[in-house]
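Hello,

Here is the structure for you to look over. My notes on it follow below.

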Amino acid sequence: MQAVDIKPSQSTFVSVLSACASVAALEHGKQVHARIIKPGFESNVFVECALVDMYAKCGSINNACRVFDKMPERSTVSWNAMIVGYAQHGYGKEAIELFNKLQKEGIKPNEVTFVGVLTACSHVGLVNEGRYHFDSMSRDYGIAPRVHHYACMIDLLGRAGQLDIAQDFINEMPFQPDAVVWRSLLAACRIHGNMELGKRAAECLLELEPEDTATYVLLSNIYAATGKWDEASKLRKLMKDNGLTKDPGCSWIEANNRLHAFVVGDRSHPQTQEIYARLKTLTREMEEAGYVPNTKFVLLDLEEEQKEDSLSYHSEKLAIAFGLISTRFGTPIRVMKNLRVCGDCHNAAKLISKIVEREIVVRDINRFHHFKDGFCSCQDYW
């Protein structure tokens with residue numbers, strides 16, 4: 001477009017920013033932001049909302065907040081973008097404060113607003129506050145909760161370990177639960193090791209989406225985590241017999257204006273030797289700081305030593321090691337993953353952030369984790 005001297009419109013910028021957000025290409029997003037300023041689109045409400053969304057999804061919540069604070073006018077969409085951004089990063093308190101500010105300014109919340117508020121409550125365990133806001137939708141705003149609001153509540157209750165209440169919540173829904181609802185319950189069963197309820201959730205989910213590989217994998221992981229290796233093996237065999245394959249875990253990081261992707265045990269990168277050398281050094285430093293690989297996160301029936309080796313080369317660790325050798329000291333390392341971050345990698349990232357004195361930001365399929373000085377923003381509630 002630029003090569004043939006066609007000027008971009010607001011729609012062009014919104015589309016490009018959305019593309020940057022989808023793959024967490026922060027540096028590209030910043031370059032687009034710079035191009036937006038020159039033709040004067042920065043004050044366009046649609047472009048501003050796209051900028052907030054892009055920065056939030058790329059892990060730069062501070063930049064998202066700066067764009068939001070500079071908006072001369074804010075629509076409900078603008079407020080929603082920032083509330084959802086805070087929710088994605090696990091900043092529940094900030095999301096609720098912003099929601100309260102929205103009300104004081106006379107802006108009427110909509111369905112999306114409450115998805116953001118309920119998600120924020122879920123990520124920090126604000127069960128009572130979440131229930132209050134859910135009830136207030138119809139009571140105070142005349143908004144009938146839809147299935148995605150119920151899914152948020154199931155997620156909120158499930159994460160908090162209130163699985164029986166979550167099940168009652170599903171039974172009392174005024175419409176049939178969809179796949180998102182059952183998937184939320186199944187994920188909670190995985191976290192808390194509730195095999196029986198997990199089986200029921202998986203059965204209901206497979207009735208709706210019989211070819212959903214994530215359901216088979218989640219239920220198989222519940223079996224494996226509780227030591228029921230035969231059941232886990234049978235389920236994975238059933239997947240294979242049905243021609244279904246598990247999506248491989250993949251982590252990627254942006255460096256030098258390129259996206260670099262890794263899978264477990266990956267040796268395809270041109271800098272593989274340097275990456276593995278840095279990871280070996282990191283592992284030694286972590287062990288000196290008290291790190292012990294948590295092999296319960298290896299959901300395969302392997303010998304203990306094999307499990308430890310398997311954990312060492314997870315895609316998250318490879319991406320972090322690459323980030324350390326390819327980005328400037330003092331800058332955050334931003335890693336994205338297509339699945340839920342591994343618990344052992346979560347523990348390792350906390351230690352690494354302290355050892356190398358750098359912030360590590362990881363976005364998984366559910367939320368962001370900000371690792372700094374040996375701690376995570378999620379406070380281990382995820």
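Strands S1 and S2 (residues 258-263) pair in the antiparallel sense over six bridges; strands are DSSP runs of E with at least two residues, helices are runs of H or I with at least four, both numbered from the N terminus, and two strands pair if DSSP finds at least two bridges between them. This is a predicted model, in which local features need pLDDT of at least 70, side-chain atom pairs count only at pLDDT 80 or more, and totals for chains, interfaces and linings use all residues. Residues are numbered from 1 along each chain as its sequence is written, and side-chain values use heavy atoms, with hydrogens and water left out.

Within this pair, Ile253 stands opposite His260 in S2. The two strands form a hairpin with two residues between them, and Asn256 in the turn has a positive phi of about 55°.

Two further residues have a positive phi without being glycine. Glu357, with phi near 55°, is in the loop between helix H18 (343-356) and strand S4 (360-363). Gln379, with phi of about 55°, lies in the segment after strand S6 (375-376). Glu357 is exposed, at a relative accessible area of 59%, and Gln379 is exposed at 70% (exposed is over 50%, buried under 20%, partly exposed in between, with a 1.4 Å probe and protein chains only).

S1 also gives the most to the lining of the second largest pocket, with four residues. Helix H2 (26-37) and strand S3 (333-337) each supply at least two. A pocket here is an open set of points on a 1 Å grid over the protein atoms alone, where a 1.4 Å probe fits, with protein on both sides within 12 Å along at least five of seven lines; lining residues have an atom within 4 Å of a point.

Regards
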